[in-house]
Amino acid sequence: MNYIDYASKSAFQRTIFKTIQGFKNLPKNIGNGIIFLGKAILGFLLGIVFGIKNYFLRFIRGDFATKISFVIMGFGNIVRGQIIKGILLLAIEFSYILFMINFGWGYLQMFPTLGLIQQKSGLAECNILVNGDNSMHILLYSVMTILISIAVFFIYVASTKMAYKVETDVKEGRKPASFISEFRDLFDKRYHTTLLTYPIVMISVFLIIPLIFMILIAFTNFDSNHQPQAYLFQWVGTQNFHDILGGNPLKAYTFKKLTEWTFVWAIIATFSNYILGMILALMINKKGIKCKSLFRTMFVLTIAVPQFVTLLFMNQMLQDTGIVNTLLQSYGITHAPIQFLDKVNSILPKATVLIVNLWVGIPYTILITSGILMNIPEELYESARIDGASPFKTFTKITLPYMLFVTTPYLITQFVGNLNNFNVIYLLTNGGPATANYYQAGQTDLLVTWLFKLTTVDSNFKLAATIGIIVFIICAAFTLITFNMSKSARNEEEFS
Amino acid sequence: MIKSYKARRIISNTLIYIFLSVLCIIWVLPIADLIMTSFRATGGVAPVYLIPQDWTLNNYIELFTNNDTTFNYLHCFTNTLFVACCSCVLSTFSVLMVSYTFSRLRFKTRKFFINIGMILGMFPGFMTMIAIYYLLKAMNLDGRLVSLIICYSATAGLGYLISKGFFDTIPRALDEAATIDGATKNQIFWKIILPMSKPIVIYTILTSFIGPWCDFIFIGFIIGPNHPENFTIAYMLLQMVNSENINTQYLYFCAGSVLIAVPITLLFLKLQKFYVEGVTGGAVKG
């Protein structure tokens, strides 16, 4: 399609065209992504090859002191005057060896089996508790040991580089950098090391180790029947994924149903909030309406009050004996309480959650879109009015396409956010109404709240980890599509 | 013709006024009901009237003067304040440090770290909760407030996007001028970038301060119901409305909620501009 054709289309058709184009480009972009990934992997492998080559070259070219530093870290630095640095490196090596002997190696050895000796409580016979292996500790500490080993390995390679560098410095007649000057570099040339150390250490310990641990859990049978200390758990390969995708009818059915509902929820919640919120924002910002800021503040108030307060309170209001039902009954509108939140096998709880979500979400849309709406050129509306367009027509032909164009990335982030919308479901219905057709889940549960329930109520960690991985894959896919679409949008902007 | 146009406009505006007012009432009603309930003297969980029949301040007074070990509001308040202050300092520094590094410093592994950060952000947050719990237990920290501070601040560095976007808008020429004058990267960070980014610094401080007041998930795992001396406000309120306690604690729950909602609401109303900029900043740029 050339530019003339494109320009002659209406704004709405352009948006559709762009969306289709985005999906059409998907295979191409995925292909590019794979090529990019291949290149990255190739680069990575080449890097390793060169790293090994340089490592041996350093060893061959280095003199005696440098060669010794390949075994005793920091030796070369100490000999050539960088004493503090050398001692630090030596201390790292020494403490790593101590750590491995006393702690790491033992756990690492049991990593392939996750422990063999089960705890025996011979209470009846002799009152002795034979301590068995604790599979969970083995897994957790093995992951920790592996990560520490990787970190120490990088320090080791860097230390050989340092030893070689100080040797060449001395050979070529330069003075080896003093400790103070290197320390100063940490605040200038190597400032990124200083700034990133604390965040990276914290993220590694409290996010990466737990994450790797949980990903590995998905390949074991760690659940309430295999709780450590008393029982062992083992590797089971991809059994859990197999279960959830059809191997175990109950779990597979639950997973299928909840995934469907998660997507239905995310789509309806995102678009209803978006469109209704925008209409409200338009009304508030309409010419001739006074008290704009008063109206806006009234709506925004609901964002400001912490969600757990309002949603817990809503939950109380909508109970069978809550204020809504008592008022309805006392005015004689209904005779029996309406089960807003826990009517089994009915669409009512789902509808309630969606409507309450409107109450939560519309103010966000008003807040976000107000500014953008006021940026739409007034002439567009004026000329539409002169041509006799109805307000509805102006909305679908001018406002919506313009807004979709500007806020598509926001919309997709919102969609991914709704896929993982924990607060509304958990606080309002807690996933209920419960049903025996589902495995440990209720009819309004999303995948994330199911994950949470499996962890807290059922202690079914293997399944929770499996679902976590699947949720990750879904989110990653949508983020990739966002990236893809916004890229195509950007290209299009360049085009016109 | 003009007259009819004017008349039509008046009618449509009136309709919009009515519509907006009705919606405003619907939107404000739950909050108003919450506030009114907190001043109600009698009536249990759900009386048949909306406006309390007798007003009282007793719920608030009782909240502060009861000797209940589980629901000691003042104690929970100081706990939360302590946790919020500590984790606010730590997370603000992490966020600003990471965003400055990614925005201004260029080094070999920069792209790699940014990609890793993006991937880590896509895992559901509480997937790792159980592992964090056992990790803290291994460090002998479970059930203590320190572990909460660690939980809230440890991964804060990943939320660098908004402030990085802000730092990106500060002209690089300033950095270059300072470098020519002999400033180190450290001095540029403290003396040029930070003073110029006051709004984003305030935004970061306040969002990380509000976090611990609203969290009820992590604390349930890490402190748990067995350590009432280390409850935070949010968790205490959640405990108040579980099925065992709701009949006795409901009015206090409302009073307690109002008390913490007021400061957070005021902060948010002050900060909404930054919030909008933070969210749409990325969106408008595409």
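At what angle do helix α8 of chain A and helix α3 of chain B pack, and how far apart are their axes? The views below come from a predicted model, in which local features need pLDDT of at least 70, side-chain atom pairs count only at pLDDT 80 or more, and totals for chains, interfaces and linings use all residues. Residues are numbered from 1 along each chain as its sequence is written, while chains are lettered from A and ligands numbered from 1 in the order in which they are written.

**View 1. Helix α8(A) against helix α3(B).** Helix α8 (residues 191-217) of chain A meets helix α3 (residues 73-104) of chain B at about 140°, with the axes 9 Å apart. Helices are DSSP runs (H or I, at least four residues), numbered from the N terminus. Axes are lines fitted to C-alpha atoms over the stretch in contact, and angles run from 0 to 180 degrees between N-to-C directions. On the α8(A) side, the contact is made by His192(A), Leu195(A), Leu196(A), Tyr198(A) and Pro199(A). Ser94(B), Met97(B), Val98(B), Tyr100(B) and Thr101(B) make it on the α3(B) side. Contact requires C-beta atoms, placed from the backbone, within 7 Å. By class, this contact has 7 nonpolar, 3 polar and no charged residues. Ala, Val, Leu, Ile, Met, Phe, Trp, Tyr, Cys and Pro count as nonpolar, Asp, Glu, Lys and Arg as charged, and the others, Gly among them, as polar.

**View 2. The side of chain B that touches chain A.** Here 63 residues of chain B are in contact with 73 residues of chain A. Elements giving two or more residues to this side of chain B include α1 (2-38), α9 (185-196) and α12 (233-240). Helix α13(B) gives the most, with 13 residues. By class, this side has 46 nonpolar, 14 polar and 3 charged residues.

**View 3. Helix α6(B) and its cover.** In α6 (residues 145-154) of chain B, 9 of 10 residues are buried (20 or more other C-beta atoms within 10 Å; exposed is 12 or fewer, partly exposed in between). Among them are Leu148(B), Ile149(B), Ile150(B) and Cys151(B). Their cover includes α8 of chain A, along with α3, α5, α10 and α11 of chain B.

View 4. Asn430(A) has a positive phi of about 55°. Phi of Gln440(A) is near 55°. Asn430(A) is partly exposed, with 18 C-beta neighbours inside 10 Å.

Conventions
Contact = placed C-beta atoms within 7 Å.
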